Amino acid sequence: MTDLETAAATTPGITLRTNHEPPLECRGLIKKYEEGGLALDVLSGVDLTVNAGETLAIVGASGAGKTTLLQLLGGLDRPTEGQVLVFGKDLAELSNTECGVVRNQSLGFVYQFHHLLPEFTAVENVAMPLLLRRLPLEKVRAKAEGLLSRVGLSQRLNHRPGELSGGERQRVAVARALVTEPAVVLADEPTGNLDHKTGTRVLELLLELNSETGASLVVVTHSSKIAEQMDRVLRLEDGDLHAESATGVR
C-alpha cells in the first residue's frame, strides 16, 4: 500500500489520483456574502479546469475575488452555489474531515504570509502535513529535510520562523506545500511580501518543482512578470474568469 493509500484508508469513500479526471476544476461557482443586509456577489458562475502539470496565473484588480476563488478551489471555504471537484470528487459531498483528507493528499498551499507555526522548527513545520498521515517519524523527517535542502535551507533545519529571514520563511512554506507531493499547488501572491530578488528565487523554485514533480501550479498575482511565466493567464473580472494572453497582462 502506498503512503497515499494509507492516508486515505482512514476516510472511507475517498479515491483520488485517477488517470481520466483533471486534478482540479470548478463548475458554475457562485459566492455571495451578506453585508449590512445587502448581498455582495463576488463570483457569479466561474468555470475552470486546471490541467495536470500546467501553470496558471489568475490576475485581476484588488477586491475582484481572486483570493476568495483560491480558497474555494482549495476547499478552505464553501461556495454559495456550484461545484469544486478534485479528481472528480465533489467537495460539497464531503464532510469537513473528508475535505481535510483531500487537501492533505492532493493540494498544497503557499500564501503571501507564510503561516508557519512559530513554536516549531523549519523541519517540523515542513513535516507537519505528513505527520497528519501518521507516517513513521524517521521517514517524515528525512523527506522534510530533503525538501528543505532542495530549497537551499539545509543549514536552517532546526531554526524557528522567528530566527529566519522573510525569504527563508517563504522557502520553508514552499517546502511544506510540496512535501505531500500534491497534484496542485495553490499560491496566493507568494512573492508579494518579498523583495524583488528573493521573490524571483521563490518563483523560480515553484516553477522548477512544477517541472520536476508534474504538480499543477495556480498562482494568484498582481505581477505581470509572474503571469508572463505561466502557461495560461486568466483575468477575474465582474465575478467571472476571462482568458487573457500573458502579453496583455496589466
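Start by selecting helix α4 (residues 122-131) and helix α5 (residues 137-150): their axes come within 9 Å and cross at roughly 125°. That angle makes α4 oblique to α5, since oblique is what remains once angles under 35 degrees (roughly parallel), over 145 (roughly antiparallel) and 65 to 115 (roughly perpendicular) are taken out. The crossing of these two, α4 and α5, is right-handed.

A quick note on what you're looking at: this is a predicted model, where local features need pLDDT of at least 70, side-chain atom pairs count only at pLDDT 80 or more, and totals for chains, interfaces and linings use all residues. Residues are numbered from 1 along each chain as its sequence is written, and side-chain values use heavy atoms, with hydrogens and water left out.

Now show the side chains where α4 and α5 touch (contact means heavy atoms within 4.5 Å). On α4, pick A122, V123, V126, A127, L130 and L131; on α5, pick L137, V140, R141, K143, A144, E145 and L148. Colour them by class and you get 10 nonpolar, no polar and three charged residues.

Next stop: helix α6 (residues 166-178) and helix α7 (residues 196-213), whose axes come within 10 Å and cross at roughly 15°. The two helices, α6 and α7, are therefore roughly parallel to each other, and α6 passes α7 in a right-handed crossing.

Which residues in α6 meet α7? Select G167, Q170, R171, V174 and L178 in α6, then T198, V202, L205, L206, L209 and T213 in α7. By class, this contact of α6 with α7 has six nonpolar, four polar and one charged residues.

Definitions and conventions:
Axes are lines fitted to C-alpha atoms, for helices over the stretch in contact, and angles run from 0 to 180 degrees between N-to-C directions. Helices (H or I, at least four residues) and strands (E, at least two) are DSSP runs, numbered from the N terminus. A crossing is left-handed if the near helix is turned anticlockwise from the far one by less than a right angle, and right-handed if clockwise. Ala, Val, Leu, Ile, Met, Phe, Trp, Tyr, Cys and Pro count as nonpolar, Asp, Glu, Lys and Arg as charged, and the others, Gly among them, as polar.
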